[in-house]
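Subject: Structure handover

Hello,

Here is the structure for you to look over. My notes follow below it.

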Amino acid sequence: MALPYGLKEENLKLVGKGSQGRVYLIDPQRCVKIYHRQEFLPLELEILLKAKNEPQFPEVYEWGEDYMIREYIPGINLGEYLRRHPLTEDLSRQIAELFLAFERLGFNRLDTRMAHVLVTPEGRIKAIDPANAMRKQGAYPRKFLSQLSDLKWKRTFFKHLQRINPTLYERWR
């Protein structure tokens with residue numbers, strides 16, 4: 001693996017790791033994701049380049065054979081956030097907008113895990129790991145809604161959704 005600009009993995013701060021790779025902070029605005037398996041990079045890159053005008057996704061700056069440099073999104077994952085804070089109507093609206101963005105972008109899978117959605121210090125949500133959105137199928141956010149149920153926020157979410165987007169409410173109910 002050859003990172004650009006003389007970056008060395010051992011000199012960077014690890015900010016996340018998962019089944020696809022590890023993410024290191026380069027500076028307050030950028031991070032680098034180093035992929036364990038190279039087949040995930042083109043999937044995620046395609047999605048993020050397609051989503052460049054959607055505010056719910058990080059911006060991509062550069063990529064190589066097994067890495068991607070992109071916008072660093074500070075914050076905590078949505079599941080952790082909802083363990084400590086109430087589910088507000090604004091947050092429910094942002095969640096609905098995220099899934100509507102998935103539809104606009106033509107994702108095969110309209111679902112995500114809460115671990116892949118961050119809440120920024122400003123209270124905005126961003127999807128950070130969309131690689132499976134093109135590989136798997138699913139027209140309904142079953143996993144996401146199940147996690148909301150586990151956290152005891154599903155009923156509140158649907159109350160909000162009924163006001164925010166009655167059409168989506170009827171589809172998901």
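Strand 2 and strand 3 make a hairpin, with two residues between them. Helices (H or I, at least four residues) and strands (E, at least two) are DSSP runs, numbered from the N terminus. This is a predicted model, in which local features need pLDDT of at least 70 and side-chain atom pairs count only at pLDDT 80 or more, while totals for chains, interfaces and linings use all residues. Residues are numbered from 1 along each chain as its sequence is written, and side-chain values use heavy atoms, with hydrogens and water left out.

Strand 2 (residues 21-27) runs antiparallel to strand 3, and six bridges join them; two strands pair if DSSP finds at least two bridges between them.

How enclosed is strand 3? Of the six residues of strand 3 (residues 30-35), five are buried, so the strand is largely enclosed by the rest of the structure. Buried means under 20% relative accessible area, exposed over 50%, and partly exposed in between (1.4 Å probe, protein chains only).

**Strands 6, 7 and 8**

These three strands form an open sheet in the order 6-7-8, with antiparallel pairing. Strand 6 (76-77) and strand 8 (125-127) are at the edges and have a single partner strand each, so one side of each lacks a neighbour in the sheet. Strand 7 (residues 117-119) is joined to strand 8 by three bridges, and V119 stands opposite I125 of strand 8. Helix 3 lies across strand 7 and strand 8, at about 25° to strand 8. Axes are lines fitted to C-alpha atoms, for helices over the stretch in contact, and angles run from 0 to 180 degrees between N-to-C directions.

**Helix 4**

F144, L145 and L148 of helix 4 are buried. Viewed down the helix axis, these buried residues fall within an arc of 95°, so they line one face of helix 4. The arc is that of the directions from the helix axis to the C-beta atoms. R142 and D150 are exposed on the other side of helix 4. The buried residues pack against helix 2 (78-84), helix 3 and helix 5, where contact means heavy atoms within 4.5 Å. Just after helix 4, K152 has a positive phi of about 70°.

In helix 5 (residues 154-164), the buried residues are F157, F158, H160 and L161. They cover an arc of only 165° around the axis, which puts them on the same side of helix 5. R155, K159 and R163 are exposed on the face turned away from that buried side. The buried residues of helix 5 pack against helix 3 (89-104), helix 4 (142-150) and helix 6 (166-172).

At what angle do helix 3 and helix 5 pack? The angle is about 70°, and their axes are 9 Å apart. That makes helix 3 roughly perpendicular to helix 5; angles under 35 degrees count as roughly parallel, over 145 as roughly antiparallel, 65 to 115 as roughly perpendicular and the rest as oblique. Helix 3 makes this contact through E89, S92, R93, I95 and A96, and helix 5 through F157, H160, L161, R163 and I164.

Regards
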